[in-house]
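Have the sequence and the model side by side.

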Amino acid sequence: MFSQLFNSMADIPFEHDYKCYPVSFMSGDSRQDVDTGGKIIMPPSALDAVTRLNIPYPLLFSLRNPVADRTTHCGVLEFVAEEGRIYIPYWMFRNLCLQEGQRVTVKSGNLPKGDFVKFQPQSPEFIDIHNPKAVLERVLRKFACLTKGDTISLNYNNHEYELCVLECKPADAISIIECDLNVDFATPIGYEAPTKQAAPAEEEEPAPLIVDSAFTPFAGQGNVLGRRKKKPTTDTPSSANVIVRGPDLDFKIGKIIFTRAIPVAGVGSGLDVEFEAFKGTGNTIKQKRKK
């Protein structure tokens with residue numbers, strides 16, 4: 001008889017209406033640990049009620065604003081609030097579209113353990129974090145559950161980032177206590193992919209080296225002292241193929257010509273002069289005596 005009564009009480013959920021306030025309205029020291037997490041502060045009478053009803057742990061609750069028809073889920077951090085009041089994080093207060101002192105319905109319940117959640121950062125600054133998954137893992141330790149459609153807030157390096165819960169599996173509201181949770185991220189709002197830089201203009205290929213076919217290396221004529229003069233051979237280059245050094249009046253930008261051949265005297269160039277060794281006149285300092 002007693003066991004049947006005990007089991008029937010266990011099936012009765014905890015449900016109560018409270019005046020809701022942000023954590024900043026609490027008296028005493030600032031409670032930043034509450035504002036950066038997903039748990040609320042309830043009055044001591046709520047602890048007595050859940051104990052009598054034998055609500056199983058972990059204690060998870062749904063918060064519903066009947067005026068705006070908005071619902072979210074949370075855990076409980078402490079039972080130290082004034083009677084008739086609860087204090088919730090400011091991000092949760094905004095998601096429920098509440099006013100200070102407005103009544104919300106708090107109801108206990110069970111949520112399935114989550115195995116997947118997808119977030120969307122609300123600003124592109126989130127991608128500047130070196131390891132966002134590690135940061136998020138540390139922050140989510142202060143949460144007991146997640147609800148699809150909520151926009152949670154996390155604080156990292158004195159900067160506040162907001163993440164929208166786009167997707168939860170296996171349900172729209174999941175418990176993240178002692179579970180293996182796979183996390184994915186959508187493209188941040190306002191993020192613009194870097195544009196590809198235009199390919200640099202192709203550099204013009206240098207002009208090919210022009211080799212003058214008239215140039216013949218070692219085309220000069222050798223002379224030897226004490227021997228007879230050799231007649232010029234007919235296979236020497238003619239003056240028509242000899243390039244004379246001077247300014248190139250046909251110069252074009254990007255074209256360089258190296259002129260190596262010079263006119264050779266005595267090879268039909270109009271400068272034919274017979275070579276004679278020691279052709280100069282001799283002079284002596286001592287003059288001959290007159291007879």
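What follows treats the sheet, then a threonine, then the loops.

This is a predicted model, in which local features need pLDDT of at least 70 and side-chain atom pairs count only at pLDDT 80 or more, while totals for chains, interfaces and linings use all residues. Residues are numbered from 1 along each chain as its sequence is written, and side-chain values use heavy atoms, with hydrogens and water left out.

Start with the sheet. It is open, and its 4 strands come in the order S9-S10-S7-S12. The pairing is mixed. Helices (H or I, at least four residues) and strands (E, at least two) are DSSP runs, numbered from the N terminus. Two strands pair if DSSP finds at least two bridges between them. Strand S9 (151-156) and S12 are the edge strands; each has a single partner strand, so one side of each has no neighbour in the sheet. On average, neighbouring strands here are turned by 35 degrees against each other, direction ignored. The axes behind that angle are lines fitted to C-alpha atoms, for helices over the stretch in contact, and angles run from 0 to 180 degrees between N-to-C directions.

Now look at one pair. S9 and S10 run antiparallel, joined by 6 bridges. Asn155 has Glu160 in S10 as its bridge partner.

Leaving aside neighbours within four places in sequence, Thr36 is in contact (heavy atoms within 4.5 Å) with Val139, Lys142, Phe143, Ser153 and Asn155. Thr36 sits in the loop between helix H2 (32-35) and strand S2 (39-41). Is Thr36 buried or exposed? Its relative accessibility is 19%, so Thr36 counts as buried. Buried means under 20% relative accessible area, exposed over 50%, partly exposed in between (1.4 Å probe, protein chains only). The side chains of Thr36 and Lys142 make a polar contact at 3.3 Å. Such a contact is a pair of N or O atoms within 3.5 Å; within protein, one must be able to donate a hydrogen and the other to accept it, and residues adjacent in sequence count only if both atoms are side-chain atoms.

Next, the backbone. The peptide bond from Tyr57 to Pro58 is cis, with omega near 0 degrees. Pro58 lies between helix H3 (44-52) and strand S3 (60-65), in a loop. Lys169 and Pro170 are also joined by a cis peptide bond, with omega about 15 degrees. The loop holding Pro170 runs between strand S10 (159-169) and strand S11 (173-175).

Finally, Glu178 has a positive phi, near 55 degrees, in a residue other than glycine. Glu178 is exposed, at 71% relative accessible area.
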